[in-house]
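Biologist: I would like to learn how to read a model of several chains. Please take me through one, feature by feature.

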Amino acid sequence: MKPLYIISSSCISPQNTFDETVLFDGNEVKTAHENILSCIEPDYKGFINPVQIRRMSRALKLGFSTAIDCLRKSPVKEMDAIIIGIGKGCMIDTEAFLHSIRDYNETALNPTHFIHSTYNQLNGMIALDQKINSYNVTYAHRGFSFEHTLIDASLLIDADEAKHVLIGSFDEMTPEHFFIKQKWGYWKNEITDSKALFLSNSPGTLAGEGYGFFVLGAEKTCADQVSILAVQTLYNPSDEEILQAIQSILTAHQLEAASVDLLMLGNNGDNRQQHRDELLTTVLHEATPLYFKHLCGEYDTASQFGFWLLSHVLKRQQIPESLYHPSQRSDSLKRNQVCTTIQ
Amino acid sequence: MNQKIVVSGMGLYTALGKGLQTNFDSLSSQAHALTPLHFLDTAHALEFPFGEIKISTSALLDTLKLPRNKGYTRTSLLGITAMQEALANAGIDRHAGLKVGIINATTVRGMCEVEKYYFKMLEEEGDFSEFSDTIDCADCTHRLADHFKIKDYVTTISTACSSSANAIILGTRLVNQGHLDIAICGGTDALTRFTINGFNALKNIDKQPCKPFDEARNGLNLGEGAAYLVIEKETSCLQRNHKPIAEMKGYCNFNESFHATAPNPKGEGAYQVMKRALLKAQLEPNDIHYINAHGTATLTNDESEANAMKRLFGSVPSFSSTKCYTGHTLAAAGAVEAIFSILALEQQCVYANLNFANPIPDSALIPQLFHEKKQLQNVMSNSFAFGGNNASLIFSKMESKR
Amino acid sequence: MQDLQDLKQSLKTQIIESLNLEGMSPDEIDDNAPLFGEGLGLDSIDSLELMVLLERNYGIKIEDAREGRKAMESVNAMVQYIADHRTK
């Protein structure tokens, strides 16, 4: 694939990421409240007009604001595609419509929740607001929804069908969804502080949510631009297949395992799922392992948050203290090379 | 398209029945399948006609010899049934050595089961974990991938009513750009209380069998179904000693950005997507000999689509909507209708648009009124959706090799 | 007559609530101005929301979208329609 250059990005998360400097300059880390990390909402007024906002639920407001902010930061305004990934869709609208079906016995129901429960709502809203008449698609593929937006953008750029693509992903956590997943053992039973997530040694993780958008381009527009050289998803891979895939990516880019500096791990502190980390840190033995799920919590498209963080780490050549394992010491970033995120 | 991309297998399951032959027979005898609901529990069961597949979910499980209590939703089961036929039709029971991927589409996901248990999950003890992950779209895709042991590329698209048309487009691109040898593309959606009430809240379900392109049309009928197409390069298909069914000639995915649920009445979005699909196919408007229209029979869609066809084609070729046979199968509709279009090519015929009496005054277009034989070289299939997500596909007859 | 005035006042409040017209007061809605397009600038989804309002609050079920549009041309039209058709 041709490199994908990150022209601009925007991220709303449980941390102060809408202002990109905070995580890097300060050490302020927001922690989970009763095992949920909830997004910090911006002032929507700057992004959504009063006519639009009155029918938008929280997820759509957050997603829309992130996308508009990302487009505003981009010097290029003409997008040739909008590609969004969502794990669960707008849960609050889905839940509200299920409730209203029951509460009103299937009569006289408000259509708005139903409309917003469709996965491609945000795609349509952004296109409508920005008058982006173009290729437009929504991936709804659980943990890989974000990765598929990258792959699709890469397909378009490889085929010269697009020069600039807006990609993004989001998932929201609702009290009901948290409750249901609690029953199935997704979350930690004990109230856990975000900073202690990786020391907990117990089953379950913290719940989270997040919104992130990127303008990707086919061409480099500044010297220190971060680019994506390879992206690959593996479905239910064996260890052998994971190792093969890493090796083939490295080979394709004339890299050695030892030349990878950073490894962003999808570890979520669930002691039932630690095996992959050992595999990856063994093969990419020189890479400094970094962690992000204590900052955003677990949700289908959480890898997007890790990806956003990495892109800023590379751009600034600086690693916030908060990304290291609590037992690690910080290390300066030496080289600027390919990084692998694994969810 | 750099290389000739072909459809080498198809399979589907709709209210018209299971399989290509059954569906084609119903279409050619102009017999629709819209009836009151029998298997789904809803207050609207007798109020509207539906394209319901007349088999219970447990009978579907039995037919496929799949276990109960393992989280197979109706959406997944319809998908597995349709994909089984598509793979057999393409002659790829064994796909050793080939890179095979699934691009699946759904909008209702496992809601058909989740809506039965949702409040129990919230209010009662017990884990109900059988359906824990079926609330998302990926669940049925994973079921398909696992059932058919496909793992080279697995993804799910959800763009409402154009979902599976977009799955076909993605599969074509992945094959064309060399990422997959074989792409199995399509979609599946079961009827649910959730969608029935959703469309009813939008006040666009007709109490009568729907009347696409008729002046007195009064909304759509909902249906359920699953359909998959096997897409690969012609060279790969011939290498397997398999006869391609049709050429995937052109496509377009285009967002018209007009309104959250309504199309531009003038049909600008529909016009653009059809025009760009023609451009991709390197064809002129008069090369298209049949259009399987989106034709939902809602006030806005048909007005907009008719205006767009008139503007693009001038003298509009034979066109019909087949949603008056199957109901609107949502995420499956794009693939169901792509298959109907290809069957029309294969059988050299065009389908009747049922329940039509008078044209929409503005465009005055009259759809195909009878099933008849017709020489077809290129056919177009349209899928338009909420959010302005429009897609158009063009398939062509394989040139006969001397 | 007073009844219609009261009805108008409460209808305006219900419209503001149902359509989430934040920051708007009942007095700002012109009795005769069109609710859709020009005027308040509402769209087809709002018209569906208003039909839900009519059904839930006044027991009026409008089957035909075209009739709905007519009944909801303006606040005055709605008040008259409610007075003529209400079942609760």
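Biologist: What percentage of the 402 residues of chain B count as buried?

Modeller: A residue is buried if 20 or more other C-beta atoms, placed from the backbone, lie within 10 Å of its own, exposed if 12 or fewer, and partly exposed in between. In chain B, 65% of the 402 residues count as buried. For the 88 residues of chain C, the figure is 26%. This is a predicted model, in which local features need pLDDT of at least 70 and side-chain atom pairs count only at pLDDT 80 or more, while totals for chains, interfaces and linings use all residues. Residues are numbered from 1 along each chain as its sequence is written, and chains are lettered from A and ligands numbered from 1 in the order in which they are written.

Biologist: How many helices and strands does chain B have?

Modeller: Helices (H or I, at least four residues) and strands (E, at least two) are DSSP runs, numbered from the N terminus. Chain B has 12 helices and 13 strands. Chain C has four helices and zero strands, in the order α-α-α-α from the N terminus.

Biologist: What is the radius of gyration of chain C, and what does the globule rule give for 88 residues?

Modeller: The radius is taken over C-alpha atoms, and the globule rule is 2.2 Å times the number of residues to the power 0.38. Chain C has 12 Å, close to the 12 Å of the rule, so chain C is as compact as a globular protein of that length. Its C-alpha atoms fill a box of roughly 30 × 30 × 20 Å along the principal axes.

Biologist: At what angle do helix α6 and helix α12 of chain B pack?

Modeller: Axes are lines fitted to C-alpha atoms, for helices over the stretch in contact, and angles run from 0 to 180 degrees between N-to-C directions. Helix α6 (residues 163–176) and helix α12 (residues 333–347) of chain B pack at about 70°, with axes 5 Å apart. Angles under 35 degrees count as roughly parallel, over 145 as roughly antiparallel, 65 to 115 as roughly perpendicular and the rest as oblique. α6(B) and α12(B) are therefore roughly perpendicular.

Biologist: Which residues of α6(B) meet α12(B)?

Modeller: Two residues are in contact if their C-beta atoms, placed from the backbone, lie within 7 Å. B:S163, B:S164, B:A165 and B:I168 in α6(B) meet residues of α12(B), namely B:A333, B:G334, B:A335 and B:A338. Ala, Val, Leu, Ile, Met, Phe, Trp, Tyr, Cys and Pro count as nonpolar, Asp, Glu, Lys and Arg as charged, and the others, Gly among them, as polar. The α6(B) and α12(B) contact has five nonpolar, three polar and no charged residues.

Biologist: How many residues of chain B are in contact with chain A?

Modeller: 46 residues of chain B are in contact with 44 residues of chain A. Elements of chain B that each supply at least two residues to that side include α4 (111–123), α6 and β7 (246–255). The chain B side divides into 18 nonpolar, 21 polar and seven charged residues. For chain C, 11 residues are in contact with nine of chain A. That side of chain C has five nonpolar, two polar and four charged residues.
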